[in-house]
Amino acid sequence: MYFPRKLKQDLRIIGLIPAMTCIIIGAVVFVLTGTKEALLSVAAFYIIYAGFSLWIFIRTSNQSYFAAFVWQFIFGIFIVTRPDYPLIMPLDHKISGIVVVLLLVSTVWLFYLFFTKKAKWKGREIFELASMAIEIHPDGFTERPRPAGVTTYSKDELMRFAAFLRRNLIAMPFYEDNRIVFVPVKMDDAFKYLLSREKFRQNRSWIAFDFQGNVTVNISHKDYLGYKEELSFDQLCENLGKVFIRFIEYYRKGEEDRIIYQLNELGLGITS
Amino acid sequence: MDFKEAAKLGSCLSKDYAEDLFRLLVTYESISSSEAASRLNIHIKTVQDLMEDLFSLQILEREEVYEGKRPYFRYHLKVNKITMEIELKSFSGKEKNKDTRLQLKIRERKNAGVRFTTSRSSDYISNVVIWTGEGRNRSERKINLSMPQGRFLFHLPFPTAEFGTVKDIMKKARIDETNMPEIIDIVDVMIEFGAIETL
């Protein structure tokens, strides 16, 4: 099904920064010293980056980051223990073979997660979904949050829902005394979120569920400017609230797959 | 007694020499401004002004007396007790007027140049900052809101939303009717500053 895009195109290449950094490090070391040192530095980069992926996995519980950690770590080991040109001699020759097999398996696993959008931060999907069937109505922006409605859930259900949204990179939860605030994170914002969580939260859109069932929505100016046209701000806030209320209702009924399906059905790019 | 009269009376009673003057007025059958001024050792105009104020408040009575060239007034007490009673409820306006305000359809004005600061829990507005004027004359006015006012503004329709009546917004925000006067007050202020538009 085709959905007209309401958000501006995302042309930023923040997601490619780690790969480009790795290539640059390798190239610089190759020019200055030689092949062996260049390969060693690339291997070291991958092993360090594997640590970063593991840290993201611990924070998000998203399995694709665990897969990335495994792949990056094995790839780093592979570079230095290649069967034909080992930089470090393994204790047993079989180890090189095992590393190759593990690398192939983890590559398949990683590709599967990547192409099934399990590694995708779904902030753009959230904003696209919220903007469906909204009229253009200029000058409607206001900084005020908007009460989006009331729904029913227990505190325990809300906590589990928050864990689900975090695990699937749909929205990142911030736990407060009397509510949970969800902040959708777009792909190009993922690093900003990961590196400075509290700072990231400022001036971002959020959806709050308090423990009495009240839902409040706030769309930031930055996110509002992310739309191609000036959509009716009131309707946009209302829709964003409805999207999350619908999601928690699906979750309570055990139909969380529908949440993922609705987001993936929009057909946004894997890297946007 | 209305508020203006009460303020005038309060001002009269707060004078340093008021007690001494009343003592003279009780003691004398009638007294002129010059007699009282000489007795209290203060300027005649000062005493005259106070006597005239008390006369306008119907606490004193005066009588024009002709002795010599110029007529003058002699004052005496009209009452033996002063009671100040102000109906504070009257400040909230007439009931009929309240009903009209409750039916007023409002929403936030587009590009109003107002900043709403939400509470820590983000479920009510804690204050509103309004900018007025242009260039060097631009000034900032911050209004701290009571909890009911904050909840009311939190539920105020957005600039592109349908207008809502004050009564409906109060209902949505679960605001008790006893808070109605303060809600109407903040609505009036926001309309005055152009932050709220009416239909």
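I will go through the aromatic rings and the cysteines, then the strands of chain B, and finally one glutamate.

Before that, a word on conventions: this is a predicted model, in which local features need pLDDT of at least 70 and side-chain atom pairs count only at pLDDT 80 or more, while totals for chains, interfaces and linings use all residues. Residues are numbered from 1 along each chain as its sequence is written, chains are lettered from A and ligands numbered from 1 in the order in which they are written, and side-chain values use heavy atoms, with hydrogens and water left out.

Let me begin with the rings. Rings of Phe, Tyr and Trp, taking the six-membered ring of Trp, pair if their centres lie within 6.5 Å, and planes under 30 degrees apart count as stacked, over 60 as edge-to-face and the rest as tilted. By this rule there are 32 aromatic pairs over all chains. One of them joins F52(A) and F191(A), whose ring centres are 6.1 Å apart and whose planes stand at 10°, so this pair is stacked. F52(A) belongs to helix 2 (residues 35-60) of chain A and F191(A) to helix 7 (residues 190-195) of chain A, so the pair ties together parts that are 139 residues apart in sequence. When I say helix or strand, I mean DSSP runs numbered from the N terminus, with helices being H or I of at least four residues and strands being E of at least two.

F52(A), with a relative accessible area of 19%, is buried, whereas F191(A), at 23%, is partly exposed.

A second pair is F164(A) with Y251(A), where the ring centres are 5.4 Å apart and the planes stand at 40°, so we call this pair tilted. Here F164(A) sits in helix 6 (residues 155-167) of chain A and Y251(A) in helix 10 (residues 233-252) of chain A, so parts that are 87 residues apart in sequence are tied together. F164(A) is buried, with a relative accessible area of 5%, and Y251(A) also counts as buried, at 13%.

Coming back to F52(A) and F191(A), both belong to one aromatic cluster, whose members include W55(A), W71(A) and F78(A).

Rings can also have a charge over them, which is counted if NZ of Lys or CZ of Arg is within 6 Å of the ring centre and within 35 degrees of the ring normal. In chain A, R59(A) lies over the face of Y193(A), at 5.6 Å from the ring centre, and in chain B, R62(B) lies over the face of F73(B), at 4.1 Å from the ring centre.

How many disulfides are there over all chains? A disulfide is a pair of cysteine sulfur atoms within 2.5 Å, and by this rule the count is 0. Among the cysteines, C22(A) is buried at 6% relative accessibility, and C237(A) is buried at 0%.

Now to the strands of chain B, where two strands pair if DSSP finds at least two bridges between them. In chain B, 3 strands form an open sheet in the order 1-3-2, with antiparallel pairing. Strand 1 (31-32) and strand 2 (60-66) of chain B stand at the edges, each with a single partner strand, so one side of each is left without a neighbour in the sheet. Strand 1 of chain B is joined to strand 3 of chain B by 2 bridges, with S32(B) opposite R74(B).

Further along, 5 bridges join strand 5 (residues 114-118) of chain B to strand 6 (residues 125-132) of chain B, and the two run antiparallel.

Finally, E197(B) lies in strand 9 (residues 196-198) of chain B and is buried, with a relative accessible area of 16%. Contact means heavy atoms within 4.5 Å, and, leaving aside its neighbours within four places in sequence, E197(B) is in contact with residues including K105(B), R107(B) and F163(B).

How values were computed
Buried < 20%, exposed > 50% of the residue type's maximum accessible area, 1.4 Å probe, protein only.
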